[in-house]
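Let's take a friendly walk through this structure, from the overall build to a few local details. Have the sequence and the 3D view open as you read.

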Amino acid sequence: MATTFEINGKAAHSEAPGATPLLWVIREELKLTGTKFGCGTGLCGACMVHVDGKRAFSCLTQVGEVAGKRVTTIEGLSADASHPVQKAWLAEKVPQCGYCQSGQIMSAADLLAHNPRPERAQIVEHMSTNICRCGTYPRIVRAIERAAKEA
Amino acid sequence: MTLALRNPDISRRHFMVGAAGLTFAVASGLRAGAAARSNVAISPWVTIATDDTVAIMSPAAEMGQGSLTSLPLILAEELDADWGKVHVVVAPPNDELYKNPQFGYMYTAGSNAVTAYFKELRQFGAQVRKVLLASAASHWNVPVAELATEPNVVVHAKSGRRLTYGEIAAFAEVPAKAPDVAESELKSPEKFRLIGHDVVRVDMPGKINGTAQYAIDVQVPGMLYGAILRAPVEGAQPDKIDDGKAKAIAGVVRIVSLPYGVGVIAETPWAAFGAKDALNVSWTRSGKAWGFDSEKALPAFDAAARDLSRQTKVWGKKGDALAALQTAATTVEAAYRNDLVYHAQMEPLNAVASVAPDGQTCELWSGVQSKTIAVTVAASALNIPPGRIVYHDMLMGGGFGRRGHRDEEYVHDAVVLSNVVHKPVKLMWTREDDVHNGRFNPLSAHYLRAGFDPSGKLIAFQHRKACDEVTAFQDPVRFARQKGRDGIAFNGVDAPYYDIPNRLGEGVPQESGLRTSSLRGIAHLTNVFAIESFMDELARKRGVDPAAFRRDLVKDNARAVAIIDAVKRMADWGKKRDASALGIAYMNYSGTQIALVAEASVDRASGTVRVPNIWVALDPGITVQPNNILAQTESSIIYGTGFALFERITTEDGIVQQSGFYDYHVPRMNDVPQTHIELIATNNHPTGVGQMATPLVAPAIANAVHEFTGVRLRETPMTPDRVKKALG
């Protein structure tokens with residue numbers, strides 16, 4: 001059963017069974033490896049993507065569920081890392097090991113898309129879905145505040 | 001600056017300079033030439049191309065700590081290279097050329113990369129610069145003393161002539177022997193242009209646009225996927241394997257019985273994971289840890305630590321602590337305990353291997369703390385010489401000590417499975433595998449005694465730590481080389497940085513049979529929880545301010561005094577809070593002076609410890625990349641917060657009881673304190689920055705909790721249940 005959907009503005013289809021986690025289709029079929037596998041249970045956020053403009057754990061989303069929908073991954077957030085969140089991430093020198101950062105950036109972009117001027121407490125609440133074992137949280141907060149200001 | 005994860009395109013005239021000598025490497029024109037020269041007996045650290053780019057080897061593994069940038073930057077400083085023209089190249093596995101001078105092989109651990117390579121890298125940079133100057137002098141026929149360098153340019157001020165490094169590379173005469181560089185010829189720190197001045201980490205852009213490549217991202221044509229069910233207890237073997245359901249899953253290629261588990265090879269990751277979950281395996285009761293219940297074991301560890309008749313391994317001593325304790329006017333004793341802790345690096349362990357059909361060569365992609373160990377593991381799994389392994393070094397999604405084991409078992413898994421099908425295999429552990437197969441910071445029980453003389457001076461200190469010998473499991477080769485001395489478990493147990501006339505630090509080795517590992521903070525993580533909690537108890541016993549008590553014990557160390565004073569000022573130490581209290585901890589971590597103050601409160605109803613603020617002052621000597629040091633310190637604090645408050649692995653019948661982020665709590669953004677850091681740069685040899693705050697967090701919190709409640713917390717993690725029990 002092929003599933004047809006849109007990814008980063010392009011048509012995509014997958015031959016994987018409909019119950020297959022979208023994460024694995026993105027990474028291993030479509031070879032978009034910026035989206036990471038962290039836990040497979042929707043508890044770390046390394047796999048965060050946008051589905052029809054809202055964030056979603058791609059490890060918990062079945063590929064069958066995105067039929068006809070728009071999926072955006074870190075590779076499609078901007079062509080040249082020019083999204084305000086990405087620019088702020090560079091300015092605040094956020095990443096360390098970097099493994100969780102695609103997911104963090106996708107979560108942050110989702111926050112600002114729906115709440116362009118978040119309070120600090122709203123940032124903390126929204127971003128607590130995403131684990132960073134390197135503990136880049138102080139910089140993530142600063143980067144989101146910067147992106148909100150500069151966007 | 002750019003980052004090249006493979007050797008740069010050596011397509012023009014170059015010369016190379018290395019430790020063993022300086023040699024013209026490539027005449028001109030051909031990439032093949034570069035490959036052909038790769039076995040030339042030089043140690044290339046620097047390649048200068050005629051287009052004026054400078055390629056510099058980076059010998060350490062990158063797991064988030066930033067040495068991929070910091071190390072080549074040190075060389076670039078003395079070379080006087082233009083950082084904008086530098087390509088950082090990941091050094092290939094070669095211990096002879098690129099070994100960590102402190103370990104003797106390519107191994108990135110202990111926060112020592114900058115410390116260990118600093119002197120050598122400055123030398124290499126200065127040697128190349130000297131060759132460039134000599135070549136320019138001879139080209140212009142002027143005395144070398146009349147020349148100077150600016151970034152990537154040799155300048156003859158008298159005549160106003162200039163030559164770029166790339167122009168010189170086109171004609172440079174390279175001597176057979178590397179020129180000597182005296183210490184006095186190196187830059188004095190006030191002349192540094194790169195050291196102490198932040199650059200963008202070379203791995204940063206790729207970690208923002210999703211292009212950074214970890215082993216798990218590798219795609220090889222025709223690649224299959226591997227999963228593995230490893231024995232729940234080290235040393236156990238599959239007894240009966242029922243793979244009927246697993247085999248029935250579409251896309252499963254092969255089920256493989258291994259001495260330590262059962263492997264699955266499939267066409268897709270979802271088939272591989274599905275088949276692994278569908279396996280029904282019973283295990284032999286071979287292996288030591290069967291029956292080991294971590295909760296029940298802690299009292300036994302505690303009893304062992306307290307049993308003074310027991311044979312111990314003395315880690316460090318000064319004077320005669322036992323005699324001084326006998327004669328002391330007052331003695332104090334206390335005990336502390338720590339649970340098992342999991343690394344929880346964000347990238348579940350994985351590797352990609354492609355074994356040739358004849359089994360005689362193998363291509364390997366992995367992220368490890370020692371790439372030469374990874375190559376050795378792959379070669380011995382295939383029983384072929386290490387030279388037949390083509391190694392691709394990948395970024396690591398976190399390390400924290402987990403990827404620094406002698407057997408690198410996930411690399412082994414990938415090679416073994418690939419060798420079954422003779423196709424490329426991406427072997428991935430799930431998060432559950434990563435927890436179940438975890439190698440943990442060991443369970444430990446600490447017993448401490450101190451003695452005061454009649455004037456109230458601390459004259460004796462004894463610290464006995466009962467825990468498994470970690471190095472014996474993690475790296476038997478190193479354990480043998482160190483003649484059974486286990487720094488991963490016992491380093492610093494004797495608090496050598498405190499001026500106490502009689503000190504004794506002892507290991508009381510236990511044998512749980514559990515899989516253990518170094519973890520961030522290493523031995524200090526638990527030792528310092530005990531030592532710094534105890535110091536607080538001693539200060540209170542004596543009626544002395546805990547900060548003043550420590551300050552007095554380091555009063556001859558001006559750097560230590562300065563950071564204690566700094567952190568007191570930052571935290572407004574003297575000021576009483578209504579709804580919270582402060583606690584302090586200090587240590588000298590491998591030469592880095594660091595002090596930390598935590599602000600904490602306790603919700604008595606729930607037992608929850610709240611930590612709104614943490615202040616840190618540290619002096620790591622010369623600060624190579626200050627912003628990155630701040631980042632590493634923020635990171636260390638947050639890692640330490642998880643250890644202090646939440647993180648806990650338990651075993652029953654030797655089997656790990658936790659499985660993932662649903663039952664193992666790592667700090668999230670809403671769990672962590674605000675961090676306030678003051679970095680004090682001094683002109684001392686640079687020391688580590690990657691984990692120095694981690695061990696200080698738990699004792700500072702416990703000390704703050706004591707200040708707030710009058711109750712002493714003696715066990716990590718300080719979970720609500722334990723806090724409620726302690727509060728009574």
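Two residues are in contact if their C-beta atoms, placed from the backbone, lie within 7 Å. In that sense B:Ile701 touches B:Gly583, B:Ala598, B:Ala600, B:Val609, B:Val611, B:Ala644 and B:Met718, leaving aside residues up to four places away in sequence. Please keep in mind that this is a predicted model.

## The nonpolar core

Together with B:Ala378, B:Leu596 and B:Val697, B:Ile701 is among the residues with the most contacts inside the largest nonpolar core, which has 273 residues. Which element gives the most to this core? The answer is H4(B), with 12 residues.

## Chain B as a whole

Chain B holds 22 helices and 30 strands. Its radius of gyration is 27 Å, close to the 27 Å that the globule rule gives for 728 residues, so chain B is as compact as a globular protein of that length.

Of the 728 residues in chain B, 57% count as buried. Among the contacts in chain B with a separation of 6 or more, 76% come from residues 24 or more positions apart.

## Domains of chain B

## Domains of chain A

Chain A is divided into domain 1 (3-77) and domain 2 (84-150). Their centres, taken over C-alpha atoms, are separated by 20 Å. Here 16 residues of domain 1 of chain A are in contact with 14 residues of domain 2 of chain A.

Which elements of chain A each supply at least two residues of the domain 1 side? They are strand E3 (48-51), strand E4 (54-57) and helix H2 (74-77) of chain A. E3(A) gives the most to this side, with three residues. The residues on the side of domain 1 of chain A that touches domain 2 of chain A divide into seven nonpolar, six polar and three charged.

## Where the chains meet

The contact between the chains takes 45 residues from chain B and 43 residues from chain A. On the chain B side, helix H6 (206-209), helix H8 (269-278) and helix H20 (626-645) each supply at least two residues. H20(B) gives the most to this side, with six residues. The side of chain B that touches chain A has 23 nonpolar, 15 polar and seven charged residues.

## Backbone details to look at

Most residues other than glycine have a negative phi, and most peptide bonds are trans.

B:Asp52 is not a glycine, yet has a positive phi of about 80 degrees. B:Asp52 is found in the loop between strand E4 (44-49) and strand E5 (54-58) of chain B, and counts as partly exposed because 17 C-beta neighbours lie inside 10 Å. B:His422, also not a glycine, has a positive phi of about 50 degrees. B:His422 lies in the loop between helix H12 (409-421) and strand E20 (424-428) of chain B; with 13 C-beta neighbours inside 10 Å, B:His422 counts as partly exposed. Finally, a cis peptide bond joins B:Thr716 and B:Pro717, with omega about -5 degrees. B:Pro717 sits in the loop between strand E30 (715-716) and helix H22 (720-727) of chain B.

Definitions and conventions:
Residues numbered from 1 in each chain as written. Chains lettered and ligands numbered in written order. Predicted model: local features only at pLDDT ≥ 70, side-chain atom pairs only at ≥ 80, totals over all residues. Helix = DSSP H or I, 4+ residues; strand = E, 2+ residues; numbered from the N terminus. Rg over C-alpha atoms; globule rule 2.2 N^0.38 Å. Buried ≥ 20, exposed ≤ 12 C-beta atoms within 10 Å, placed from the backbone. Nonpolar A, V, L, I, M, F, W, Y, C, P; charged D, E, K, R; others polar. Domains from an automatic or database assignment. Core = buried A, V, L, I, M, F, W, Y, C linked by C-beta atoms within 7 Å.
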